[in-house]
Amino acid sequence: MLIKKPADIWPSEITPQSVWEDRRRLLKMATAASLMWAGRGLAGSRVPERLPEVEGGRKIEGVAPGPFNAKDPLTPYENIVTYNNFIELGPDKRAPMYNADRLKTRPWSVKVDGECEAPGSLDIEDVFKLFPPQERIYRFRCVETWAMVVPWVGFPLGDFLKRFKPTSKAKYVAFETLYDPNMLPGQRKMPYFFWPYTEGLRIDEAMHPLTMLVYGVYGRELPNQCGAPLRLVVPWKYGFKSIKSIVHIRFTEQRPKPSWNRLQPDEYGFYANVNPEVDHPRWSQKYERMLGSGLFTRKRPTRMFNGYEKQVASLYKGMDLRKNY
Ligand SMILES: Nc1nc2c(c(=O)[nH]1)N[C@H]1C(S)=C(S)[C@@H](COP(=O)(O)O)O[C@H]1N2
Ligand SMILES: [Mo]
């Protein structure tokens, strides 16, 4: 198999050649997955009546190559869209794909308020029109140790935030996922979680040029299991910070209380910067498993700040990264 380097596969090439065009391969993958999970009786691990949503949405026009591209080989599309964490859509890695069609992503708007001069609400289609799409190849590292390399399509979060004119009191930014237990059944099945899923960043982290709002992958609009229609991607932090299906963004003076951090602060820190030296209480973070084709993964050393040390280390100068996990 020919593995091309990211630099050789700028959008024009990624788009026509990528695997999402190969419906048969996706079908096989979905069938294998449904056999694996059938009979487990878990919410959402049912065998789907029809093809799970794996093909993604519309092709995104006018995608320009963006900065900060990782040199690592890309993770195949089918891994990115069939192995997910999205607890609102089910408790295991396959359930989000099977339940994806419950979530309706139109109409959709994103409300922005709090410590800013120009609060407001934007329809998702206007978001797409206002912020030109860039493709950026980022490493992505889940706190559970699996990792991938993803060609996201989106734009810098900072460009979006500036439009709402944050005041000097805006020290943090809080993000919320849609709350709708009919479309997101996990919100009913897990009453102990702090719904809606909430995350937060310090304002300088939010304004950092690496931080993205994402609405596509491999040149197409995100399939729902990946957080459609709009999600956060913060590549130097553990994946749980990269909140999906955002409806509300708020500038705050006080540090927001992210759902995972409230539930288990020793396991899910507010900062949650990827760090091979700080173990999760239940496992080591020294190594990571790169998702590959099918069930196979490759083990490799975890990198400080997930490989983005040069870009972000200065944000944490003077902070003890062990204590401020
Ligand atoms: N709303 C919401 N956002 C979420 C999650 C979730 O369960 N709900 N899971 C998080 C976790 S733990 C990870 S690792 C990433 C996974 O993104 P992916 O499924 O696109 O790989 O989404 C994050 N964002
Ligand atoms: Mo995660």
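These are my notebook entries on a predicted protein model.

I number residues from 1 along each chain as written, and I work with heavy atoms for side-chain values, leaving out hydrogens and water. Since the model is predicted, local features need pLDDT of at least 70 and side-chain atom pairs count only at pLDDT 80 or more, while totals for chains, interfaces and linings use all residues.

**Overall.** I looked up the secondary structure first. The protein has ten helices and 13 strands (DSSP runs numbered from the N terminus: helices are H or I with at least four residues, strands E with at least two). I then checked burial (under 20% relative accessible area is buried, over 50% exposed, in between partly exposed; 1.4 Å probe, protein chains only). Of 325 residues, 58% count as buried. The accessible surface (Shrake-Rupley method, 1.4 Å probe) is about 14600 Å², and carbon and sulfur atoms hold 53% of that. I also checked contacts (heavy atoms within 4.5 Å). Among those between residues at least 6 apart in sequence, 73% join residues at least 24 apart.

**Core.** I looked for nonpolar cores (buried Ala, Val, Leu, Ile, Met, Phe, Trp, Tyr and Cys joined through side-chain atoms within 4.5 Å). The largest has 90 residues, and Trp-152 and Phe-160 have the most contacts inside it. Strand β5 (residues 146–156) gives the largest share of this core, eight residues. I listed the contacts of Trp-152 beyond four places in sequence; among them are Tyr-138, Phe-140, Met-212, Arg-231 and Val-233.

**Pocket and cavity.** I used a 1 Å grid over the protein atoms alone: a cavity is a set of points where a 1.4 Å probe fits but cannot get out, a pocket is an open set with protein on both sides within 12 Å along at least five of seven lines, and lining residues have an atom within 4 Å of a point. Volume is the space filled by probe spheres on points joined across faces, edges and corners.

The second largest pocket holds about 540 Å³. Its lining has 30 residues, with Asn-85, Phe-86, Glu-144, Phe-240 and Trp-260 nearest the centre. By class I get 18 nonpolar, six polar and six charged.

I count one cavity of 30 Å³ or more. The largest cavity has a volume of about 60 Å³. Its lining includes Tyr-271, Asn-275, Met-304 and Tyr-325.

**Gly-307.** I found Gly-307 in the loop between β13 (297–301) and α10 (309–312). Gly-307 counts as partly exposed because its relative accessibility is 22%. Its C-alpha is 9.8 Å from that of Asn-275, 32 residues away along the chain.

Notes:
Chains lettered and ligands numbered in written order. Nonpolar A, V, L, I, M, F, W, Y, C, P; charged D, E, K, R; others polar.
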